[in-house]
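Please give a short briefing on this structure for someone who has not seen it before, beginning with the chain as a whole and then going through its parts topic by topic.

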Amino acid sequence: MILFVCESLQCHTITRVMSRSVDEMQALVGEGSEWWPKGYKCPNCNGPAGAVYEIEVSPVQLKDFNIRELDAEDYFRFLMGVGLPEESDCSVEVLQQIFSKSKVKSIAGHRISGTKRFCVEWLEMEDGARLYFGASSHGATIYRISNRPNYTEKALNDG
Ligand SMILES: [Zn+2]
């Protein structure tokens, strides 16, 4: 297994990546990938992370870290910008909930030159959720929601 160690001392997260096939893991996110050994991102904070083989690390060194486990394929998808498994539920029910509970705080993207149009890459809500837009032939698609608040948990805590 390969460990991806976040460089941020505040984040303190190690991502442990595993796969049924060592070859697949090496090709996707290991020595065969473009990120080896220091070009990785931390799934917790999006900051830089470096790779190390778990066998080279003593378990004692790991005990103060938050450990996050991911399949090689899921970590590859995260590194490619598609997001984490828990960020992929972008159903209309989820969107309705987000837009009814929070307002848009900022809009990121770029002006389309020579027009009065704007290409939206993502929206950030006041509660911190970020919604990523992609194009489809029928309209805009939200394919990833990062940093989403847990509304169910919040409702329970609020009474
Ligand atoms: Zn981190």
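**The chain as a whole**

Of the 159 residues in the protein chain, 22% are buried, and this figure, like everything below, refers to a predicted model. The domain assignment divides the protein chain into domain 1 (2-82) and domain 2 (89-157), and the centres of these two domains, taken over C-alpha atoms, are separated by 27 Å.

- Taken along the principal axes, the C-alpha atoms of the protein chain fill a box of roughly 55 × 50 × 30 Å.
- The protein chain contains five helices and nine strands, and when these elements are read from the N terminus on, they follow the order β-β-α-β-β-α-β-α-α-β-β-β-β-α.

**Strand pairing around β4**

- Strand β1 is joined to strand β4 (residues 48-53) by five bridges, and these two strands run antiparallel; within this part of the structure, leucine 3 stands opposite valine 52 in β4.
- Strand β4 also pairs with β3 in the antiparallel sense, here over two bridges, and lysine 41 is the residue that stands opposite proline 48 in β4.
- The hairpin of β3 and β4 has six residues between the strands, and in this hairpin asparagine 46 takes a positive phi near 70°.
- Glutamate 7, which lies in the loop between β1 and β2, touches Gly47, Pro48, Ala49 and Gly50 when residues up to four places away in sequence are not counted.
- Although glutamate 7 and lysine 41 are 34 residues apart in sequence, the distance between them in space is 9.3 Å, C-alpha to C-alpha.
- Is glutamate 7 buried or partly exposed? Glutamate 7 counts as partly exposed because it has 13 C-beta neighbours inside 10 Å, whereas a buried residue needs 20 or more.

**The four-stranded sheet**

- Four strands form an open sheet in the order β6-β7-β8-β9, with antiparallel pairing.
- The edges of this sheet are taken by β6 (104-112) and β9, each of which has a single partner strand, so one side of each is left without a neighbour in the sheet.
- From one strand to the next, the twist averages 30°.
- Inside this order, strand β7 (residues 117-125) and strand β8 (residues 130-136) are joined by three bridges and run antiparallel, with leucine 123 standing opposite leucine 131 in β8.

**Nonpolar cores**

- In soluble globular proteins, nonpolar side chains tend to be buried together.
- The largest nonpolar core holds 19 residues, and of these Phe4, Val17, Val29, Ala72 and Tyr75 touch the most other members.
- At least two residues of this core are supplied by each of β1, β2, α1, β4 and α3 (72-79), and β1 gives the most, with five residues.
- Phenylalanine 4 is in contact with Ile14, Thr15, Val17, Tyr40, Ala49 and Ala51, leaving aside its neighbours within four places in sequence.

- Most residues other than glycine have a negative phi, and most peptide bonds are trans.
- Which peptide bond is cis? The bond from tryptophan 36 to proline 37 is cis, with omega near -10°, and proline 37 lies in the loop between α1 (22-28) and β3 (40-41).
- Histidine 12 is not a glycine and yet has a positive phi of about 55°; histidine 12 is found in the loop between β1 (2-6) and β2 (13-18), and because it has 14 C-beta neighbours inside 10 Å, histidine 12 counts as partly exposed.
- Asparagine 147, which is likewise not a glycine, has a positive phi of about 55°, and its place is in the loop between β9 (139-146) and α5 (151-157).
- Because asparagine 147 has 12 C-beta neighbours inside 10 Å, it counts as exposed, the limit for that class being 12 or fewer.

Methods: Residues are numbered from 1 along each chain as its sequence is written. This is a predicted model: local features need pLDDT of at least 70, side-chain atom pairs count only at pLDDT 80 or more; totals for chains, interfaces and linings use all residues. Domain bounds come from an automatic or database domain assignment. Two strands pair if DSSP finds at least two bridges between them. Axes are lines fitted to C-alpha atoms, for helices over the stretch in contact, and angles run from 0 to 180 degrees between N-to-C directions. A nonpolar core is a set of buried Ala, Val, Leu, Ile, Met, Phe, Trp, Tyr and Cys residues joined through C-beta atoms within 7 Å. Two residues are in contact if their C-beta atoms, placed from the backbone, lie within 7 Å.
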